[in-house]
Amino acid sequence: MRRSLGHTVTMLQLLLLAALALCGCYAEPGSDGMQRVVGGTEVTSHAWPSQISLQYYSGGSWHHTCGGSLIRQNWVLTAAHCVDRNMNFRVVAGDHNIYKSEGTEQIFSVSSIHVHPNWNSQNVAAGYDIALLRLSGSATLNSYVQLAVLPTQGTVLPNNYACYITGWGLTSTNGQLSSVLQQAYLPVVSYSICSSYSYWGSSVKNTMICAGGDGVRSGCQGDSGGPLHCAVNGVYQVHGVTSFVSSLGCNTRNKPTVFTRVSAYISWISSVIS
């Protein structure tokens, strides 16, 4: 069963496909539609300065719904299922506690949304769960806000490669909200293992990357669109965009968190930004 980290509205549809997207989109704070890194710990403040909070406006206030990565001063990388509804979005960079103003935040409206043309909102397991957001202004780079580094096109990390997921989700499938950014160690699960019968089978495509699956640590709703950070040659790169987990529970054993593999979409990213 797959749990996409996506819209509350589409969750029932996706349950039929055995997956649920992880963004927790359009769920009000405190509802069980918004869930976060499971088995993680609070990060050192601003330790991941390319991480952003994607928020939507409802009921007179802004609500966190997904994560994302600042890849240019005016471009954010996130998941398609986070933004394929007509909502009023904003991006907050330089944040740590999403419920407090800490003086480090930079807030931008979204001027345009570019969802991958092959994205199918009815089937997260088909892939292409990737989108780019053009911001209304350019972020100022400082110790709190930095650009993410993307991998070289076609890069595929080996089994058990060390990576970390970050996000603002609940700390268990039906747990409590975390106001501060969390991280969890999620080693890569190779495509050959992740696509085997005892793992995800044909639900996983070779344009995805699996990580975790130990039954303890995972992504969860509210983490969608956020990064999977993996160090290559001493530099952390964003190798994944958080996409879906099992509907049996975010940290179901042998059902690793599934990410869109960024290295499979470098050409598309470049074409949109240029």
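By class, how many nonpolar, polar and charged residues does the lining of the largest pocket have?

Mentor: The model is predicted, so local features need pLDDT of at least 70 and side-chain atom pairs pLDDT 80 or more, whereas totals for chains, interfaces and linings use all residues. Residues are numbered from 1 along each chain as its sequence is written, and side-chain values use heavy atoms, without hydrogens or water.

Six nonpolar, four polar and four charged residues form the lining of the largest pocket (Ala, Val, Leu, Ile, Met, Phe, Trp, Tyr, Cys and Pro are nonpolar; Asp, Glu, Lys and Arg charged; the others, Gly among them, polar). These are the 14 lining residues, and Gln55, Arg90, Asp95, Ile98 and Tyr99 lie nearest the pocket's centre. A pocket is an open set of 1 Å grid points over the protein atoms alone where a 1.4 Å probe fits, with protein on both sides within 12 Å along at least five of seven lines; lining residues have an atom within 4 Å of a point. Its volume is about 210 Å³, the space filled by probe spheres set on the points, which are joined across faces, edges and corners.

At least two lining residues come from each of strand 5 (61–72) and strand 7 (89–93) (DSSP runs of E, at least two residues, numbered from the N terminus). Strand 5 gives the largest share, three residues.

Note on methods: Helices (H or I, at least four residues) and strands (E, at least two) are DSSP runs, numbered from the N terminus.
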